[in-house]
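Subject: Structure handover

Hello,

Here is the structure I promised to pass on. Please open it first, then read my notes below.

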Amino acid sequence: VEAFVRDYGIPNRDYLLWGTSGSAQFSCRLALRKPEYFLAIHAHIPSSFDKPTPEAARLLWCLTTGELEEGYERSRRFFQ
């Protein structure tokens, strides 16, 4: 992010992050580990999560998955 800010003059925070399936898992991990860069995250069918952090609680989270997906219960636990 710092390289893009420096090289292209883009903002350095409040990004919207989105991912599906495998990229949703990595998006969640990135948002949990570096929440200072993000405003909101939409993760569709993420299936696995890192431990929630107080810092990432300020982000707007949208988790979507199907009830028949293998990671459905994990998504519900993370949301709660």
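Ser21 sits in the loop between strand 1 (15-20) and helix 2. Helices (H or I, at least four residues) and strands (E, at least two) are DSSP runs, numbered from the N terminus. A word on the source: this is a predicted model, where local features need pLDDT of at least 70 and side-chain atom pairs count only at pLDDT 80 or more, while totals for chains, interfaces and linings use all residues. Residues are numbered from 1 along each chain as its sequence is written, and side-chain values use heavy atoms, with hydrogens and water left out.

Back to Ser21. Its phi is near 60 degrees, a positive value in a residue other than glycine. Most residues other than glycine have a negative phi. Ser21 counts as partly exposed because its relative accessibility is 39%. The cut-offs are these: buried means under 20% relative accessible area, exposed means over 50%, and partly exposed lies in between (1.4 Å probe, protein chains only).

Ile45 also has a positive phi, of about 60 degrees, and is not a glycine. Ile45 belongs to the loop between strand 2 and strand 3. Is Ile45 buried or exposed? Ile45 counts as buried, because its relative accessibility is 17%.

**The chain as a whole**

The protein chain has three helices and three strands. From the N terminus on, the order is α-β-α-β-β-α. Along its principal axes, the C-alpha trace spans about 45 × 25 × 15 Å.

Of the 80 residues in the protein chain, 30% are buried. The chain exposes about 5,600 Å², and carbon and sulfur atoms supply 58% of that area. Accessible areas come from the Shrake-Rupley method with a 1.4 Å probe; for residues, only the protein chains shown count as cover.

Next, contacts (heavy atoms within 4.5 Å). Take those between residues at least 6 apart in sequence: 33% join residues at least 24 apart.

Then charges. The chain has 10 positive and 10 negative charges, and their mean positions are 4 Å apart. Lys and Arg count as positive and Asp and Glu as negative, while His and the chain ends are not counted. Each charge is placed at NZ of Lys, CZ of Arg, CG of Asp or CD of Glu.

**Salt bridges**

How many salt bridges does a search of the whole structure find? It finds three. A salt bridge here is a side-chain nitrogen of Lys or Arg within 4 Å of a carboxyl oxygen of Asp or Glu. Side chains of opposite charge can pair when their charged atoms come close.

One joins the side chains of Arg6 and Asp7, at 3.3 Å from N to O. Arg6 counts as exposed because its relative accessibility is 62%.

Another joins Arg29 and Asp50, with the closest N and O atoms 3.4 Å apart. This pair links distant parts of the chain: Arg29 is in helix 2 (residues 22-33), Asp50 is in the loop between strand 2 and strand 3, and they are 21 residues apart.

Arg33 bridges to Asp50 as well, with the closest N and O atoms 2.8 Å apart. This pair also links distant parts of the chain, from helix 2 to the loop between strand 2 and strand 3, 17 residues apart. Arg33 counts as exposed because its relative accessible area is 56%. Shared partners join Arg29, Arg33 and Asp50 into one network.

**Around Asp50**

The loop that holds Asp50 runs between strand 2 (38-44) and strand 3 (60-64). What does Asp50 touch, leaving aside its neighbours within four places in sequence? It is in contact with Arg29, Leu32, Arg33 and Phe78.

Ala57 is in the loop between strand 2 and strand 3 too. Ala57 counts as exposed because its relative accessibility is 59%. Ala57 and Glu70 are 13 residues apart in sequence and 25 Å apart in space, C-alpha to C-alpha.

**Inside helix 2**

Ser27 is part of helix 2. Ser27 counts as buried because its relative accessibility is 7%. Its side chain reaches the backbone oxygen of Ser23 at 2.7 Å. That is a polar contact: a pair of N or O atoms within 3.5 Å, where, within protein, one must be able to donate a hydrogen and the other to accept it, and residues adjacent in sequence count only if both atoms are side-chain atoms. Leaving aside neighbours within four places in sequence, Ser27 is in contact with Leu17, Trp18, Gly19 and Ile41.

Best wishes
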